[in-house]
Amino acid sequence: MEYTRESLADLIVARLEAEAKRMAEQWHTPGQIRSCWIDNLLPADIVHEINRVFPVPDRMVLKKSMRENKHVAAQMDQYHPVLEEIVYAFQDQRIVDLVAKITGLEAMEPDSELYAGGISAMRKGAYLRPHLDNSHDAKRERYRVLNLLYYVTPDWSKADGGALQLWDNGPDGEPRTIASLCNRLVLMATDKTSWHSVNEVTKDGVRSCISNYYFSKVSPEEQDYFHATSFRQEHGEGLSDLVMQADNALRTAILKLTGDKLYKNPHVYKRDGADEDKAA
């Protein structure tokens with residue numbers, strides 16, 4: 001069976017419509033980073049096919065430092081066509097509109113260039129330290145306001161690690177954990193207080209994820225702000241946390257002063273050989 005972004009979007013729309021009220025209530029829970037999730041998003045046979053064709057990590061780009069350890073990819077034409085179709089299914093305008101209704105976020109737009117989106121894979125030992133996502137898009141014209149994370153690894157449990165952790169009281173506090181269960185879609189606000197991480201993968205397997213960001217010219221904070229991707233150590237502990245904070249401040253200052261003159265993030269979808277590198 002051929003899966004297209006339109007047919008996949010039809011299925012996603014139906015599930016979101018059925019769960020929209022519950023998801024909206026979950027999203028607006030006081031005292032938490034705005035987030036919600038839905039399970040059993042797609043029929044099991046489709047999820048199985050997506051997972052079956054997911055590339056092995058070695059075919060993706062490794063990002064490894066004290067801040068993170070994961071494999072990522074945005075150049076979707078290098079992989080099985082169904083992966084590009086499911087990535088872009090989440091950019092269907094009907095889904096954007098439904099997500100706007102659930103979250104109340106205004107004037108959201110999907111990102112056809114997959115700036116920091118696409119697919120990711122995390123092996124045993126992989127992690128993401130607590131961080132804030134870059135506040136803007138590549139051209140710094142729109143705010144990054146929402147992350148959509150869709151997990152597709154069968155037989156994955158909370159005990160296997162690789163879970164999304166939301167630090168509702170900041171990285172000095174304790175996280176709230178959302179397991180990366182197969183066929184679960186998580187919506188998470190991305191603003192200047194939405195600290196999140198991925199705890200270490202403990203299973204001999206690969207935690208696979210499909211991600212999209214939505215952007216908006218309307219600030220989610222009702223005021224202007226800008227920051228580079230900013231990392232912290234869990235619980236604000238140790239010398240590494242001080243190093244990360246200094247690095248965050250330096251990179252933010254440089255980006256404010258130079259824009260994309262010194263560095264362009266290669267993590268975008270380049271089509272037809274065009275140079276579409278964008279700013280960090």
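**View 1. Leu148 within strand S7.** In this predicted model, Leu148 is found in strand S7, which spans residues 143-151. Leu148 counts as buried, because its relative accessibility is 2%. Setting aside neighbours within four places in sequence, Leu148 is in contact with Phe90, Val99, Leu185, Val186, Leu187, Ile210, Ser211, Asn212 and Tyr214. One of these contact partners, Asn212, lies 64 residues from Leu148 along the chain, and yet the C-alpha atoms of Leu148 and Asn212 are separated by 5.2 Å.

**View 2. The cysteines Cys36 and Cys209.** The sulfur of Cys36 has its closest cysteine sulfur in Cys209, at 15 Å, which is too far for a bond. For the sulfur of Cys209, the closest cysteine sulfur belongs to Cys182, at 11 Å, and this distance is likewise too far for a bond. A disulfide would require a pair of cysteine sulfur atoms within 2.5 Å, and by this rule the count comes to zero disulfides. Cys36 is buried, with a relative accessible area of 0%, and Cys209, at 2% relative accessibility, also counts as buried.

View 3. Leu242 counts as exposed, because its relative accessibility is 55%, whereas Leu148 of the opening view counts as buried at 2%.

How values were computed
Residues numbered from 1 in each chain as written. Predicted model: local features only at pLDDT ≥ 70, side-chain atom pairs only at ≥ 80, totals over all residues. Heavy atoms only, no water. Buried < 20%, exposed > 50% of the residue type's maximum accessible area, 1.4 Å probe, protein only. Helix = DSSP H or I, 4+ residues; strand = E, 2+ residues; numbered from the N terminus. Contact = heavy atoms within 4.5 Å.
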